[in-house]
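This briefing goes through one protein chain by topic. Please keep the sequence and the model in view while reading.

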Amino acid sequence: MGLKTFLNARLVPNWHQAWRWASMQGMALAIVIISAWSIMPASLLAYLPSWMGKALAILALLFAIVGRMTRQPQPAPVAVRKFAIPDLTGIGTWLKLASYLATAGIAAFVAVYITNAVDQRTIADMKAAQAVADLNAQLASDKASGDLAAMAQKIDAQFAADFSAITVLTQTQIKEVTRYVTPDIDRRYPLACGFVRVRDAAIIGTDPANIAAAGCSDDAAAAPVAASVVSAGDVSNYGICHEDELKAHALQVYVAQLLSTYEAYRLSVTKVRK
């Protein structure tokens, strides 16, 4: 007994034409859908809803049930079927056509859905990455602002301490002038009017010829200003110069720290953006 005889004796008539049956096509489509979903990578499944595979398989099985319950035309002999026009009046033919269209439609739907899902996920990932980058940049900005505030507070504290020290020192030196330039020295060593003229011109910032020493007849005469008074004025002026120098130094330190903090912030933001 041959294999064909064995199968003909145990299987339904025309079993070798089973691939044409709508019921078989529906079940085969369900098997393909279930198999495709089972071997699909998790990275691709992430773009699809969890219900889609089951829903498509159920639709394919429903199609198979409808095809199984519907009378389908018997295939014509090969010699006739080769040139025959399909019978469009039978529901079986329309079921087959519907199965082909459904398969193509499902494939197109899945492809379009996946493409759209990938695009949406890509956009969502980009927005999420941008949000994270913006948050990290804001955190870096807040840290930089905090660093600047702490730096400014530290510089201000140091400046206040140094400024107070210079002020105290200047006031102490002014009080000590009469100890080292006594009234007796003032009487014994009067200052020349020419000296006072040149000194005042240097303080004002002009040519000595443009000013005249008060109470002086000529430059060789004794000036009415005592040496102790001039010394106290010089100490005060130099104290002011030291204070200005301290202010300039504090500003230089602040600018240098500001640039350093900004550079660190710029590098951190650039690293976050990448």
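In which helix is the place of Arg179? Arg179 lies in helix α6, residues 91–180. The model is predicted: local features need pLDDT of at least 70, side-chain atom pairs count only at pLDDT 80 or more, and totals for chains, interfaces and linings use all residues. Residues are numbered from 1 along each chain as its sequence is written, and side-chain values use heavy atoms, with hydrogens and water left out.

**Overall make-up**
- The protein chain has nine helices and zero strands; helices (H or I, at least four residues) and strands (E, at least two) are DSSP runs, numbered from the N terminus.
- Of its 274 residues, 23% are buried, where buried means under 20% relative accessible area, exposed over 50% and partly exposed in between (1.4 Å probe, protein chains only).

**Arg179**
- Arg179 is exposed, at a relative accessible area of 58%.
- Its C-alpha atom is separated by 9.4 Å from that of Ser228, 49 residues apart along the chain.

**Helix α4**
- Met69 belongs to helix α4, residues 52–69, and is exposed, with a relative accessible area of 69%.

**Helix α8**
- The twelve residues of α8 (residues 193–204) should span 16 Å at 1.5 Å a residue, and the end C-alpha atoms are 16 Å apart, which agrees; the expected span is 1.5 Å times one less than the number of residues.
- Buried residues in α8 include Cys193, Gly194 and Val196.
- Gly205 follows α8 and has a positive phi, near 90°.
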